[in-house]
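Q: I would like to learn how to read the features of a protein model. Could we go through them one at a time?

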Amino acid sequence: MADTPHRELHVLRDELREIFRAMADFGTSRLAARPPILDSSVDLGGDSKEEFHSHQDAVHGLRALRDAVKRDLDVLEKFLNDPRCASMPSLSTNAPYLVSVWHEVLHAPPPIVTIWRTFPEMPQPASIPRRGSRKPPGVKVDVVADGGKRWIRVNTTKNSRLLSEFREMDSYLTDSEEELLDGESRPSLAPREFDNSILRMGRSLLDAARRNPLSGTACVPSITLRLTRLDPSPPDPKEHDARIAETIERLRDMGIDVELGERPAFHSSNSSPAPSRRLEPTIRVNLDLSILIALVSDITHSPLPTSPADADARYIPSSHYRDWKRKRLEACQGPKQDVDQDQPCDNGIGQHSRALSNQALQEMARGLLDELHDRLAAVSSPTLDGVEFWTTMEARDRCLRIVLSKIGGPNEKRRATALFPSPDTPLSVAGEAYWESSRYPRAFLPLVPIRVFEGSVPPPDFVPPPISETGHALSPFFSLLTRTCREIIAQEAMLDSSTSKDCFDVETTGAEGKTDRSSAIEEDEELERAAMTKANPRLTVHTVKSMLWGAARGWTTLTANKSSVKAILRDIRAAEGGYGWYEESQVRAGSTQNDTVVEAAALWVVDPRSLAEGMRSDYQEVVPDTP
């Protein structure tokens, strides 16, 4: 190896190879908090899926670091595999910096919140950044660790680089002295006090930390500056300058933790394994619109199909329904010249039929109401004592408007009305109406009545409690979700209160509904589409309000809207840099090292159940033609 050309590049290549492999296998439990999302969705094989916390998303920025390592590794491989490399000058590479950052990731106090985060130099308005928007100039932090309480910056400046800065400053001082001797008074470039790039970096980090305290607190992050190649006492006298030691001393006087040299090799055996985690719902559950629809769906309550073929045959709509559907779309969108009423896939009907069949198969694998019953019985009692279901006014009104229009079948309409009975309707009567013709026994779940929050959004002083109803410490994720939802909704205040109306399709989730739920929907009334948020076009306003109510109360929000969950997670990472973390004392309170930590789920995701009664092949009700 001693005679190998570019030996130092071979060493760096081997290090990058090892790092790249280690990143793929590195345990995410050491890196950062996973969002407390209970994922009860199933594939058609009946296996649980976890879509909301992939390894590469364990820490915001981990994917970018791994991609950077891969790019530099590919460049080194290409250079060293070139037969002519021995006669070529050494390659400039960013590998030393990447290696040092990875070592900081391994040694940093957990949990790590972010890798490679840039904090703005100037105060920014509280808003969610849009995709594609130009990023403001900022201060780069390599690792945000200890739940956000410590910022770590790696600097690979060598003595030779800093000596070059000193020589430049000395030349300005010399020029200034000569100008004074000549009696000239031109502006001087000579610094008025001792300064250099390392000191300026330290000041910018401190300023950024003061402007960006720990989310929801006044705690200012501590700064660690790792100077990997700066040596105040170098073996080569030519690289010595007392001002290097003075620079380090001044950084420490500022309150910066200065660490010199590379980190030692990391041994995973030195770290204790994180305790396993079990997510549980709270006994009071917040329901969004997608769940209200699922609770009245024909798929949820009808007898299960006997086979996949039976599921497919159940949701092939009749020719009369297809004809009605075609006329309704023509009334909204104009006539289609290529419509063939004998093709069930026209106008998306065939595609929707397949989606309903898949939902029926998912119901066969695990019934939605069975999942809710079993999970809630485990945290309350076999009789579900204390279990309550809540929703927002917007979700209630929109659900009724959707179901009571032509979209819902007779049984689905009856269930929707029963979930929100009028004050003069006895609860026993509403309960009988809801469970009528269901495959489940009466009062299988305490769904009647579903309670409704007062007001569109929680008051500003509503914050998540520190402890859940079952006595478990709530994850900081509840507070992050609350803040993010409030920021999104705040941007909607500038929107025009008037919204355009559009035709409502079977596959579409509804929109702003009338608050008068006592009167039936007119047959030909068009339903407004859901208003999308200004901050994120993948989120509807009513969905964000539902999440806000659940998070602010410290309750689990049940949803079948996976895309909205993923969208809000992206916004939380962008706004907060991560998902928050328990204090270690809270995580391990009352448990030993290998015990399971029980945590309240902030979000509970299930598979959707659409309104399907009118799409059944045996549906008998005659649907009136559109005039």
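**Reading the model**

A: Start with Trp116, which counts as partly exposed because its relative accessible area is 22%, and buried means under 20%. The model is a predicted one.

Q: Where is Trp116 found, and what is phi there?
A: Trp116 is found in strand 2, residues 114–120. Phi of Trp116 is near 60°, a positive value in a residue other than glycine.

Q: Which other residue has a positive phi without being glycine, and where does it lie?
A: One of them is Ser437, with phi near 65°. Ser437 lies in the loop between helix 16 and strand 10. Ser437 counts as partly exposed because its relative accessibility is 44%.

Q: Which peptide bond is cis?
A: The bond from Val448 to Pro449 is cis, with omega near -5°. Pro449 is found in the loop between helix 16 and strand 10 (451–452), and Ser437 lies in that loop too.

Q: How many helices and strands does the protein have, and what share of its residues is buried?
A: The secondary structure comes to 20 helices and 13 strands. Of the 627 residues, 48% count as buried. The protein exposes about 30300 Å², and carbon and sulfur atoms supply 50% of that area.

Q: What do the contacts say about separation in sequence?
A: Take the contacts between residues at least 6 apart in sequence: 78% of these join residues at least 24 apart. Asp67 is in helix 3, residues 62–80. With a relative accessible area of 39%, Asp67 is partly exposed.

Q: How do I read a nonpolar core?
A: In soluble globular proteins, nonpolar side chains tend to be buried together. Here the largest nonpolar core has 46 residues, of which Leu287, Leu295, Phe389 and Leu419 touch the most other members. Strand 8 (284–287), helix 8, helix 13 (368–379), helix 14, helix 15 and helix 16 each supply at least two residues of this core. A second, separate core has 31 residues, including Leu9, Met23, Val69 and Tyr97.

Q: What does Leu419 touch?
A: Leaving out residues up to four places away in sequence, Leu419 touches Leu295, Val296, Tyr434, Leu447, Val448, Pro449 and Ile450. Val448 and Pro449 are the two residues of the cis peptide bond.

Q: Which residues of helix 15 are buried, and what do they pack against?
A: In helix 15, residues 410–419, the buried residues are Glu412, Arg414, Arg415, Ala416, Ala418 and Leu419. They pack against helix 8 (289–296), helix 9 (298–301), helix 14 (393–407) and helix 16 (427–435).

Q: Is Thr247 buried or exposed, and what does it touch?
A: Thr247 counts as buried because its relative accessibility is 0%. Thr247 lies in helix 7, residues 242–253. Beyond residues up to four places away in sequence, Thr247 touches Leu162, Phe166, Phe194, Asn196, Ile198 and Leu199.

Q: How is a pair of packed helices described?
A: Two packed helices are described by the angle between their axes and the distance between the axes. Helix 3 and helix 4 (residues 95–107) pack at an angle of about 145°, with their axes 10 Å apart, and the crossing of helix 3 and helix 4 is left-handed. Leu62, Leu65, Ala68, Val69, Asp72 and Leu76 of helix 3 make the contact with Ala95, Leu98, Val101, Trp102 and Val105 of helix 4. Val69 also belongs to the second core.

Q: How do helix 17 and helix 18 cross, and which residues meet?
A: The axes of helix 17 (residues 477–491) and helix 18 (residues 541–553) come within 8 Å and cross at roughly 145°. The crossing of helix 17 and helix 18 is left-handed. From helix 17, Phe478, Leu481, Thr482, Cys485, Arg486, Ile488 and Ile489 meet Val544, Lys545, Met547, Leu548, Ala551 and Ala552 of helix 18.

Q: How many disulfides does the structure hold?
A: A disulfide is a covalent bond between the sulfur atoms of two cysteines. The structure holds 0 disulfides. Cys85 counts as buried because its relative accessibility is 8%, and Cys399 counts as buried at 0%.

Key
Residues are numbered from 1 along each chain as its sequence is written. This is a predicted model: local features need pLDDT of at least 70, side-chain atom pairs count only at pLDDT 80 or more; totals for chains, interfaces and linings use all residues. Side-chain values use heavy atoms; hydrogens and water are left out. Buried means under 20% relative accessible area, exposed over 50%, partly exposed in between (1.4 Å probe, protein chains only). Helices (H or I, at least four residues) and strands (E, at least two) are DSSP runs, numbered from the N terminus. Contact means heavy atoms within 4.5 Å. A nonpolar core is a set of buried Ala, Val, Leu, Ile, Met, Phe, Trp, Tyr and Cys residues joined through side-chain atoms within 4.5 Å. A disulfide is a pair of cysteine sulfur atoms within 2.5 Å. Accessible areas come from the Shrake-Rupley method with a 1.4 Å probe; for residues, only the protein chains shown count as cover. Axes are lines fitted to C-alpha atoms, for helices over the stretch in contact, and angles run from 0 to 180 degrees between N-to-C directions. A crossing is left-handed if the near helix is turned anticlockwise from the far one by less than a right angle, and right-handed if clockwise.
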